[in-house]
Amino acid sequence: MDFASTQRLTLAGARKIVAAATARAEQAGITISVAVVDAGGHPLLLERMDGGRFHTVHSATVKAVCAASNRRPTGPNGAQGQPLDTAHAIGLALAAGAERWTAMEGGCPIIVGGDCIGGVGVAGGSFELDERIAREAVDVVVANR
């Protein structure tokens, strides 16, 4: 077979993810940035809540790209899920590109039918809260398809 049919995330789906993430952040009393990318890591939507710190825009974007690329949540593990010490985590970020890989939690892939169709990144809260918000925001779209 020379080609395959694929699904893709729409702008409407990205908007639902952002709305879910910002609603959860408001409930938690924090301000976040949330980024949604397609399967190739290209931006679909980026939002920084009023009062959000400007550096969270970059953090959220890198988390989204990394999650889509690795097809798994971001965190302190390598591309194959192996635990990384600090030197290896920094080395991997340098090798992959600081805009493509991070060891910070808060990125979640968007998996539909076994295919990764994008990623979401959340930054602005604790790593645990960023991770939970990202996962729950993805679930809003994936569970309702």
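**Exercise 1. Pairing of strand 1 and strand 4**

How many bridges join strand 1 to strand 4 (residues 115-123), and in which sense do the two strands run?

Solution. The model is a predicted one, in which local features need pLDDT of at least 70 and side-chain atom pairs count only at pLDDT 80 or more, while totals for chains, interfaces and linings use all residues. Residues are numbered from 1 along each chain as its sequence is written, and side-chain values use heavy atoms, with hydrogens and water left out.

Step 1. Strands are DSSP runs of E with at least two residues, helices are runs of H or I with at least four residues, and both are numbered from the N terminus. Two strands count as paired if DSSP finds at least two bridges between them.

Step 2. Strand 1 and strand 4 are joined by 6 bridges and run antiparallel. Within strand 4, V120 stands opposite V36.

**Exercise 2. The other pairings**

Solution. Step 1. Strand 1 pairs with strand 2 (residues 43-48) in the antiparallel sense, over 5 bridges. The bridge partner of V37 in strand 2 is P43.

Step 1. The hairpin of strand 1 and strand 2 has 4 residues between the strands, and G41 there takes a positive phi near 85 degrees.

Step 2. In strand 4, D115 stands opposite V112.

Step 3. Between strand 3 and strand 4 the hairpin has 2 residues, and G113 takes a positive phi near 60 degrees.

**Exercise 3. Burial of the strands**

Solution. Step 1. Buried means under 20% relative accessible area, exposed means over 50%, and partly exposed lies in between (1.4 Å probe, protein chains only).

Step 1. For comparison with the chain, 42% of the 145 residues count as buried.

**Exercise 4. The overall fold**

Which pattern of helices and strands does the protein chain follow along its sequence?

Solution. Step 1. The chain contains 4 helices and 4 strands. Their order along the sequence is α-β-β-α-α-β-β-α.

Step 1. The radius of gyration is 14 Å, close to the 15 Å that the globule rule gives for 145 residues, so the chain is as compact as a globular protein of that length. This radius is taken over C-alpha atoms, and the globule rule is 2.2 Å times the number of residues to the power 0.38.

Step 2. The C-alpha trace spans about 50 × 40 × 20 Å along its principal axes.

Step 3. With contact defined as heavy atoms within 4.5 Å, residues 24 or more positions apart account for 64% of the contacts with a separation of 6 or more.

**Exercise 5. Selected residues**

Is R71 buried or exposed?

Solution. Step 1. R71 lies in the loop between helix 2 and helix 3 (86-96). R71 counts as exposed, at 52% relative accessibility. Its phi is near 60 degrees, a positive value in a residue other than glycine.

Step 1. S59 belongs to helix 2 (residues 55-70) and is buried, with a relative accessible area of 15%. Leaving aside neighbours within four places in sequence, S59 is in contact with M104 and A123.

Step 2. G41, in the loop between strand 1 and strand 2, counts as buried at 17% relative accessibility. The C-alpha atoms of G41 and T61 are separated by 9.0 Å, with the two residues 20 apart along the chain.

Step 3. T31 lies in the loop between helix 1 (11-28) and strand 1 and is partly exposed, at 27% relative accessible area. Leaving aside neighbours within four places in sequence, the contacts of T31 include D50 and A123. The C-alpha atoms of T31 and D50 are separated by 7.0 Å.

Step 4. E47, in strand 2, is partly exposed, with a relative accessible area of 34%. Leaving aside neighbours within four places in sequence, E47 is in contact with V18, T22, I32, S33 and V34.
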